[in-house]
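Hello,

Here is the model we talked about, with the sequence alongside. Please look it over first; my notes follow below.

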Amino acid sequence: MKLSAHYSKASIIITISVLLVGAVVYFFAINYIADNQLNSDLTEEIGEVIEYVNFHGQLPKPVDFDEDQTSFVKTNQTYVPTRFFDTVYKNPKEKNPEAGRAIAGLISLKGQHYITTITVSRESTEDLLQIIGAITLALSIALLVILLITNRYILSGLWRPFYDTVNALKAFNISDSKRLHLKHNKVDEFNELNRVVETMASRVKSDYQHLKHFTENASHEMLTPLAVITAKLDTLIQDETLKPEQFEQINDIYSAASKLSRLNQSLLLLVKIENNLVDDAELLSLDGLISQKIRQFNELLLTKDINVIEHLEEKEITASKYLVDILLNNLFSNAIRHNTDHGQVIITLTANKFIFQNTGSENPLNDKRLFERFQKGQKSEGTGLGLTIVKNICNLYHWDIAYSHENAFHTFLITF
Amino acid sequence: MKLLIIEDEQALRDNITHYFNDDGNICESCSSLLGAINKLSNYDYDCVLLDIGLPDGDGFAILEYLKAQMKNEAVLIISARNSLDDKLKGLNIGADDYLTKPFHLAELKARVVAIYRRKAFNSNNKLVFNEIAIDLLGRSVDVNQIPVTLTRKEYDMLLYFIANKGKVISKNALAEHLWGDEMDMHDNFDFIYTHIKNLRKKLLEATANDYLRSIYGIGYKFSPQ
């Protein structure tokens, strides 16, 4: 649920409860005031009746007092406290009984006591209450509607900078050289948030740059010692008095040094691709490059008697020839290295797809970790960086690469 | 051939000097930019091996110096930086070739011999090794005046062996030479064996002497004896 929805929910619940409590309090307060008003009217009426009785020496006729209904009941009681009470008022002109308010008091006339009751209609106050109630209800509904609209539109407008920041963060790319720039807005809190996010992003970026520089420098620094090792080995094997066992040892050192050097080159290449340092993109004919690669790898394919089937349509891409070369090299090297003898390689190129399939181990590779660094088959003698490089080259040019395993073919699908 | 090796890493410098000296070349070496300019101003060399990263400055300065002095040394850059920009820059200023560390001495030798040949024998495109004559422009090989048809890889291999004659060349060095850096196929030596076998067979069939010897599984040696 969105924040604005949470907020709407809370504010509507609170508003409704406050309105309900208010309505109850309101009802009782108006009732109380109306009763007081009626009571004081009735007190005045009974005062008038007493005055009339004292002046005329007789009981007034009921019609003398407008619509108020006055009744006199003889009583022997000498004392009755004056009291107000709710009763039913029967308007002689109308059939329906109405709610009424009455006062009862004792009047003495010529030694005879009468209980005098004056009843007035409450209809006017009831009407007033209804009108007030209706107005209040209408106001409450209007308030709720306005609240809903406010929450929906004004709140979402207020939160716009927040969503801008979130979108900027979603698009944040650590290897991108551009600084993260967030728009200034009117809300202090969001400005504060943006400031913190910008600081954090630039710190993360500079840390990442340092790390990359470190990788690059470390790789470069390793090259000279590696050159020394290779040169020493090249010199050492000139001594033909060495024993075969010693040559065997030297062979292993050669392999290790060569592997180390290839690892180093691959790491440097990755840094270069990630830093976007290879920017010699040009228009290339991919089908031409693939045919050329097939010829280049022909001898290697022949040693394993691998059959190549190619379906190449014309396709031009804009990319660095150097990188496309590496991409194809890595795919071909893998397809040959992991292939079985008398295996097959199927290469399909269409206007938007490049499919590279090869036979090999019967088990599918782990497609989740396949493109990660140093993920390689147990028997593989490669660096474990080949497919990472392929993936990074694809990323650089916004191509999509996916792996699947079907009908005994390991399939790499690049979608342009 | 008279060489100047400009390299600050002593171990590497010694090995290069030693490797080249064996073949009757004269090698001098120095470890700094200043020393190099000093030597180059006093003597002429056939070829200069230049490390770009020197302690007292950028090796490109030497290329500039040679250009300014109109000196005609062939220059091969050795760099610890595998950067395309550096490579292009070096070749633009007048270097003849560019080799990235780490490299095999055999590869270095083959490259130096090649650029030296290009500079020194502009008119003469024939390379002769006893009864084997190679036409470098036409890329054809004759043994005792009988043409031998070699594949591209066999031809490259033959040139590589002749440049490193009398030296044991490791399989790794051969693989890297034949397949280049990018192939990532260096652990696969089967095809080298096939190529060597074919080259040797073809040369023997053309009545050449058997110069190629396998050395204890580590590599091969092409020697006149």
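I start with one residue: R118(B) counts as partly exposed, because it has 14 C-beta neighbours inside 10 Å. With C-beta atoms placed from the backbone, a residue is buried if 20 or more other C-beta atoms lie within 10 Å of its own, exposed if there are 12 or fewer, and partly exposed in between. R118(B) sits in helix 5 of chain B; helices (H or I, at least four residues) and strands (E, at least two) are DSSP runs, numbered from the N terminus.

The model is predicted, which is why local features need pLDDT of at least 70 and side-chain atom pairs count only at pLDDT 80 or more, while totals for chains, interfaces and linings use all residues. Residues are numbered from 1 along each chain as its sequence is written, and chains are lettered from A and ligands numbered from 1 in the order in which they are written.

Chain A in outline

Confidence in chain A is lowest in helix 7 (residues 298-303), with a mean of 80, and highest in strand 8 (residues 344-349), at 91. The chain holds nine helices and 11 strands. Of its 416 residues, 21% are buried. Among contacts in chain A with a separation of 6 or more, 65% are between residues 24 or more positions apart; a contact means that the C-beta atoms of two residues, placed from the backbone, lie within 7 Å.

The sheet in chain A

Five strands of chain A form an open sheet in the order 6-8-9-11-10, with mixed pairing. Two strands pair if DSSP finds at least two bridges between them. Strand 6 (307-312) and strand 10 are the edge strands, each pairing on one side only. From one strand to the next the twist averages 10°; axes are lines fitted to C-alpha atoms, for helices over the stretch in contact, and angles run from 0 to 180 degrees between N-to-C directions.

Strand 10 and strand 11 of chain A run antiparallel and are joined by seven bridges. Opposite F412(A) in strand 11 of chain A stands Y403(A). Helix 6 (residues 286-296) of chain A packs on the sheet, where it touches strand 6 and strand 8, and its direction makes about 170° with that of strand 6.

A408(A) is in the loop between strand 10 (400-406) and strand 11 (409-415) of chain A. Its phi is near 65°, a positive value in a residue other than glycine, and with 14 C-beta neighbours inside 10 Å A408(A) is partly exposed. D367(A) lies in the loop between strand 9 (353-359) and helix 9 (386-396) of chain A. D367(A) is exposed, because 11 other C-beta atoms lie within 10 Å. D367(A) and A402(A) are 35 residues apart in sequence, with 8.1 Å from C-alpha to C-alpha.

Where the chains meet

Chain B has 37 residues in contact with 37 residues of chain A. On the chain B side, helix 1 (10-21), helix 5 (105-120), strand 12 (168-170), helix 7 (171-179) and helix 8 (190-205) each supply at least two residues. Helix 1 of chain B gives the most, with six residues.

Cores

The largest nonpolar core has 70 residues, and I16(B), C47(B), L49(B), L50(B), V75(B) and L76(B) touch the most other members. Such a core is a set of buried Ala, Val, Leu, Ile, Met, Phe, Trp, Tyr and Cys residues joined through C-beta atoms within 7 Å. Helix 5 of chain B contributes its largest share, seven residues. A separate core of 34 residues includes I336(A), L387(A), I389(A) and I401(A).

Leaving out residues up to four places away in sequence, I16(B) touches A231(A), I5(B), E7(B), L49(B), L105(B) and L108(B).

Backbone points in chain B

The peptide bond from K101(B) to P102(B) is cis, with omega near -5°. P102(B) is in the loop between strand 7 (97-100) and helix 5 of chain B. T207(B), in the loop between helix 8 and strand 13 (212-215) of chain B, has a positive phi of about 65° although it is not a glycine. T207(B) is exposed, with 11 other C-beta atoms within 10 Å.

Regards

Notes:
pLDDT = per-residue confidence, 0-100.
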